[in-house]
Amino acid sequence: RAAGPGEFSKQALFNGRLDLLELEGLADVINAETELQKDQALNQMTGQTSSVLEALRKQLIKCIAHGEAFIDFEEDEIDVQKDLIHSVARDVREIATQIEGFLNDHNRGEILRDGFKISILGSPNSGKSSLLNVISRRDAAIVSDIPGTTRDVIRVNANLAGYPVILEDTAGLRETEDIIEKEGIKRALSSSQEANLTILIMDGNKMTFDTETREFKFSQSLSLASEQEVYKNMITMLNESSQPFLILVNKADLFEEGTEQPFSRDGFFLYQSKDNGDTKIPVVVISCKEEQLGTFLDNIRDTIQDTIDPSNESIYGNSTIITRHRHRELLQECLTSLYRFDSHPSIDMCVEELRYAVDRIGKITGRIDVEEILDKLFQDFCIGK
């Protein structure tokens, strides 16, 4: 018979030639679309990630063995140091600190594996779909002068300067009574909340520009009051959120005549007048029509690099352990169990927490063997001689 999908890899797992992490790494190598994704997957496939977790698991097994010895021979006259249990507690704290470091990675591994999600927001006809097409270098979204052409979220995978990116074009933000359009706007806001970066794009043709101060201001036209209020609310929401965002002023080809070139550059601001004082928000000026996106793309690349680039050791260290949600979930459960280690009055319960922690790490790699605890116990204390 013909082999089924992944059958040989499954047999390698069952025969102990690959563990579960390595098998997942193999799948990620096959599906990698960029060099960075491939490099991360290769580290996992070749066992580098497994070796780190296996070292932690063995340390915990040793702690369990010492705890078991303390329980079984506490009243006997054997050569067990008085500070044995304190030594175990110290080792457990050190292991917990290592796991905390793995979890405090800003989801770098998952983002690199799944793609850096960018949500594009803006009013109807501000140029969201044009921007998506220019970045993805294909006509992925319909571009029309008719407001409200995009009503659902359009997702496109792209390779941006070597980084895997998921671009999401969304419905135009405006006040409407249309039920379908309302649902599209709801999905647009949800897209922004789940994104790693939100791009708020504005129609520069509907704004006033001061060439001396390089400031954009919202037009005083009453017909644009509703649209401008939507933008002000979005800017407030983005400022209050913890996620990065960029504000673009599009259609520079329509209003930049006679000013500096190229269109896409820094040094522009959005002027906002508020009750508690005026503010100037940095913006990037672009023209999707002229495909002048230099500074804008540089800003995106820098944001992605700060988030997921493995070479950014000053922020994240030099290793990525977690690449899937299940890894994070199991490591968090392991850490919670280690935190509870000191909270029990009984040594038996303390050791039980360590057993659970070992089980959680074992579920990540797919290697779980309680007999190893007995083996370690015999090895360290020479029981049976």
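Start with helix 13 and helix 14, whose crossing is left-handed (the near helix is turned anticlockwise from the far one by less than a right angle; clockwise would be right-handed). This is a predicted model, in which local features need pLDDT of at least 70 and side-chain atom pairs count only at pLDDT 80 or more, while totals for chains, interfaces and linings use all residues. Residues are numbered from 1 along each chain as its sequence is written, and side-chain values use heavy atoms, with hydrogens and water left out.

**Stop 1: the helix pair**

Select residues 325–339 for helix 13 and 347–365 for helix 14. Helices here are DSSP runs (H or I, at least four residues), as are strands (E, at least two), numbered from the N terminus. The two axes come within 8 Å and cross at roughly 170°. Helix 13 is therefore roughly antiparallel to helix 14 (the label for angles over 145 degrees). Axes are lines fitted to C-alpha atoms, for helices over the stretch in contact, and angles run from 0 to 180 degrees between N-to-C directions.

Now show side chains. On helix 13, pick Arg 326, His 327, Leu 330, Leu 331, Glu 333, Cys 334, Ser 337 and Leu 338. They meet Glu 353, Leu 354, Tyr 356, Ala 357, Arg 360, Ile 361, Lys 363 and Ile 364 of helix 14 (contact means heavy atoms within 4.5 Å). Colour this contact by class: nine residues are nonpolar, two polar and five charged. Ala, Val, Leu, Ile, Met, Phe, Trp, Tyr, Cys and Pro count as nonpolar, Asp, Glu, Lys and Arg as charged, and the others, Gly among them, as polar.

**Stop 2: the cavity**

Next, select Met 202, Asp 203, Lys 206, Met 207, Phe 218, Leu 224, Glu 227, Gln 228 and Tyr 231, which line the largest cavity. On a 1 Å grid over the protein atoms alone, a cavity is a set of points where a 1.4 Å probe fits but cannot get out; a pocket is an open set with protein on both sides within 12 Å along at least five of seven lines; lining residues have an atom within 4 Å of a point. The largest cavity holds about 70 Å³ of space. Helix 9 gives the most to its lining, with three residues.

**Stop 3**

Finally, go to the largest pocket, with about 410 Å³ of space. Closest to its centre, of 23 lining residues, are Asn 125, Gly 127, Ser 130, Val 143 and Ser 144. Volume is the space filled by probe spheres set on the points, with grid points joined across faces, edges and corners. The lining has six nonpolar, twelve polar and five charged residues.

Note on methods:
Parallel < 35°, antiparallel > 145°, perpendicular 65-115°, else oblique.
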